[in-house]
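Have a look at the model first.

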Amino acid sequence: MNGKKTRFWNDPWLYEKTVYTIIPTLFILCEQREGIVADVKSGEIQITFRRWLTAKLQTRWEKICSDVNNFQLLESDDIIIWKLEKNKRFSVKSMYNALTKNDAGPFHKRIWKSKVPQKIKFF
């Protein structure tokens with residue numbers, strides 16, 4: 001991956017999960033939420049925060065910066081991989097199965113109890 005199409009905060013590129021998911025407080029405080037990995041790694045975008053970070057957040061941010069610096073970008077284009085299918089390709093069935101896997105889970109409500117206008121909910 002060359003990082004030219006991968007979002008720094010919202011795509012899982014550095015860790016198994018997105019940086020946003022791991023430390024959402026940093027994302028909330030960040031002033032460059034739409035940064036691209038290649039731009040951050042090259043120094044074209046400098047990540048700054050709206051206020052001083054607590055000691056704990058600063059330590060976590062330093063760990064992320066260290067991991068970013070150690071991450072090697074390649075010449076190949078970024079690709080999208082769908083982790084819910086063995087063939088790594090998106091399917092509506094795999095998405096539906098993931099969302100309805102547990103009827104009591106948080107995603108079940110998003111499908112069947114979503115707040116949408118009645119004329120759309122009918123469908």
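## The largest pocket

Which residues lie nearest the centre of the largest pocket? They're Asp11, Pro12, Ile79, Ile80 and Ile81, from a lining of 13 residues. By class, that lining has 8 nonpolar, 1 polar and 4 charged residues (Ala, Val, Leu, Ile, Met, Phe, Trp, Tyr, Cys and Pro count as nonpolar, Asp, Glu, Lys and Arg as charged, and the others, Gly among them, as polar).

A pocket here is an open set of points on a 1 Å grid over the protein atoms alone, where a 1.4 Å probe fits, with protein on both sides within 12 Å along at least five of seven lines; lining residues have an atom within 4 Å of a point. The largest pocket holds about 550 Å³ of space, counted as the space filled by probe spheres set on the points.

## The second largest pocket

This one comes in at about 210 Å³. Its lining includes Phe8, Trp61, Cys65 and Val68. Helix 4 (55-70) and helix 3 (37-42) each give two or more residues, with helix 4 supplying the largest share, 4 residues. Helices are DSSP runs of H or I, at least four residues, numbered from the N terminus.

Lys88 isn't a glycine, yet has a positive phi of about 65°. You'll find Lys88 in the loop between helix 4 and helix 5 (92-99). Lys88 is partly exposed at 46% relative accessible area (buried is under 20%, exposed over 50%, partly exposed in between, with a 1.4 Å probe and protein chains only).

## Ground rules

The model is predicted, so local features need pLDDT of at least 70 and side-chain atom pairs 80 or more, while totals for chains, interfaces and linings use all residues. Residues are numbered from 1 along each chain as its sequence is written, and side-chain values use heavy atoms, leaving out hydrogens and water.
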